[in-house]
Amino acid sequence: MLRIVKKGEIYKKDSIKIKAIAIVLSLIVVGIFIFSLGLNPLKVYTSMIEGAFGSEYKIKQTIIKAIPLLITALGISIAFKMQFQNIGGEGQIIMGAFAASCFALNFHNLPKPVLLIIMAVSAMIAGGLWAIIPAFLKIKWGTNETIVTLMMNYIALNWITFLQFDLWKDPNAGGFPRIASFNDNAILPKVFGVHIGWIIAIVLTIVTYIFMKYSKKGYEISVLGESESTAKYAGINIKETIITAVFISGGLCGLVGMIQASAVSNTLSVEVTGGVGFTAIIISWLASLSAPIIFITSILFAALVQGGTYIQVAFGIPSAAASVLQGTILFFVLGSEFFIKYSVIFHKHNKIRSRSKVLKEAGEWIQ
């Protein structure tokens, strides 16, 4: 007979050990899959590393992919720390990109530093306000934030689709449904060959860590996430803390929209997120909502994506097969979270006695 028991204290060393075993098992299973395709698993794995870190250009591409994952995961982790399930990172990124694009397309004559700052601030405000809507609904009527934030992703996506195919459609695009490209003033500068977003990401990692670990508001968010009753007893303003945390969470996601639209796409489009909002949820949980670990995990995820793209070309692997490789690894790593928090105990059936039988035996012994 099988019994699942929740572990009391979880040691970091045990957690790392379980995740390491999960990664090894995932590589073995994926290796079998690769072998079934008629390929050498070791060569494919080596090529994935080569594709992510094999040259200066590849390293830059990995960093570019890691930037939105890192900042979005940081934002989502703040809401998650408070037990507010923000699944709306995609929509918040889109609305941040939309707000930034409003200024990029209409005020491109402003000095570059001024325009970029306005775009960044407007993107954070737009993302924060978009996130506050489900927070307000939860406070006012007790709605499920998971469902509301998820549905709002599609509202934001369809809004940008309408702009791209109708209201903001570029008349000079030859009938192609696209929005006009940004002026050079609205494009983020590069530092060491990569757009300045990597510096922003590092700074935000440090700031988020300090905010959550050492600030009063960060402490209140953590306490509220542990227990609402305890937060009330400690005199914490529940509504204010929820609104503040969710606004910051959405604001960081909105900033990602500005960075992607400005530095990567150079315009606004429905592909501005690239699925970052959903992937960042996985990164946040895998990193146990810790900013430094989110930093490392984001780079590893970006390397997995970049390496997966490379092996498609190097070995002629279909994109679907590359996705299977990535998905299998993620499945094992996520599954390891279960074994970190729970123990599986096996009992022999003949040694297990029912409660009634135990009571009956106890009564007979007393008599």
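A residue is called buried when its relative accessible area is under 20%, exposed when it is over 50%, and partly exposed in between (1.4 Å probe, protein chains only). The model is predicted, so local features need pLDDT of at least 70 and side-chain atom pairs count only at pLDDT 80 or more, while totals for chains, interfaces and linings use all residues. Residues are numbered from 1 along each chain as its sequence is written, and side-chain values use heavy atoms, with hydrogens and water left out.

The salt bridges come first. A salt bridge here is a side-chain nitrogen of Lys or Arg within 4 Å of a carboxyl oxygen of Asp or Glu, and the structure holds nine of them. One joins E220 to K216, with the closest N and O atoms 2.5 Å apart. Both residues belong to helix 8 (residues 216–226), where they are four residues apart, about one turn of the helix. Helices are DSSP runs (H or I, at least four residues), as strands are (E, at least two), and they are numbered from the N terminus. Salt bridges that share partners join K216, K217, E220 and E240 into one network.

Another salt bridge links the side chains of K138 and E145 at 3.0 Å, N to O. K138 is partly exposed, with a relative accessible area of 31%, and E145 is buried at 6%. R178 and D170 also form a salt bridge, their closest N and O atoms being 3.8 Å apart. Here R178 is partly exposed at 27% relative accessibility, and D170 is buried at 12%.

Next comes the loop between helix 11 and helix 12, which holds S288 and L289. Most residues other than glycine have a negative phi. Phi of S288, however, is positive, near 55 degrees, and that of L289 is positive too, near 60 degrees. S288 is partly exposed, at 48% relative accessibility, while L289 is buried, at 17%.

Helix 12 (residues 291–315) has 25 residues and reaches 36 Å from its first C-alpha to its last, close to the 36 Å expected; the expected span is 1.5 Å times one less than the number of residues. Its buried residues include I294, F301, L304 and I311. The buried residues of helix 12 pack against helix 2 (41–53), helix 3 (56–81), helix 7 (197–214), helix 11 (276–286) and helix 13 (319–341). Just after helix 12, G316 takes a positive phi of about 70 degrees.

A nonpolar core is a set of buried Ala, Val, Leu, Ile, Met, Phe, Trp, Tyr and Cys residues joined through side-chain atoms within 4.5 Å. Of the 86 residues in the largest one, I71, M82, M119 and M258 touch the most other members. Leaving aside neighbours within four places in sequence, I71 is in contact (heavy atoms within 4.5 Å) with I200, A201, L204, L252, V256 and I259.

On a 1 Å grid over the protein atoms alone, a pocket is an open set of points with protein on both sides within 12 Å along at least five of seven lines, and its lining residues have an atom within 4 Å of a point. About 1,500 Å³ of space lies in the largest pocket. Of the 38 residues that line it, the closest to its centre are K19, L286, A287, T297 and V333.

Key: 1 Å grid on protein atoms, 1.4 Å probe; cavity = no way out; pocket = protein on both sides within 12 Å on 5 of 7 lines; lining within 4 Å. Points joined across faces, edges and corners; volume = space filled by probe spheres on them.
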